[in-house]
Amino acid sequence: MLIKFHSKAAADVMMRVDDAAPLLRAAGKAIGGDFPVLGVFTHDQLPAAIAGLEAAVHASATPMPDDDEIDHRHAKVTLRQRAFPLLDMMHKALDANTDIFWERAHG
């Protein structure tokens, strides 16, 4: 299942539920076993959500090897890479004084 994040400040971001859930938890949302159909980060919630997600990214950071040392066919996607589009949207929404909504993607 896919989740689509919307904001007036940025292009939509889509990701798998399994990838979105840990990001949302780090950003302060209580995501349990059943992923909510709809959700929101209000503009007022964004500073704390950004701080929580950035802290999780920082805590998971591992030194990156040189590009020529990576076998890209088997490289694992890092939390930093997974979080980047959502963090970018969060920063843009904060700057634009708007909210972020998410919903299950259909189709």
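Is R82 buried, partly exposed or exposed, and what is its relative accessible area? R82 is partly exposed, at 28% relative accessible area; the class lies between buried (under 20%) and exposed (over 50%), for a 1.4 Å probe and protein chains only.

The model is predicted: local features need pLDDT of at least 70, side-chain atom pairs count only at pLDDT 80 or more, and totals for chains, interfaces and linings use all residues. Residues are numbered from 1 along each chain as its sequence is written, and side-chain values use heavy atoms, with hydrogens and water left out.

Side chains of opposite charge can pair when their charged atoms come close. With a salt bridge taken as a side-chain nitrogen of Lys or Arg within 4 Å of a carboxyl oxygen of Asp or Glu, the count is three.

| Salt bridge | N to O distance |
|---|---|
| R16 and D19 | 3.1 Å |
| R82 and D19 | 3.2 Å |
| D88 and K92 | 3.1 Å |

D19 is buried, with a relative accessible area of 12%. Because R82 lies in helix α3 (residues 79–95) and D19 in helix α1 (residues 17–26), their pair ties together parts 63 residues apart in sequence. Helices here are DSSP runs (H or I, at least four residues), numbered from the N terminus. R16, the other partner of D19, is partly exposed at 45%.

D88 and K92 both belong to helix α3, four residues apart, or about one turn of the helix. Through shared partners, salt bridges join R16, D19 and R82 into one network. D88 is partly exposed at 28% relative accessible area, and K92 is partly exposed at 38%.

Technical notes:
Helices (H or I, at least four residues) and strands (E, at least two) are DSSP runs, numbered from the N terminus.
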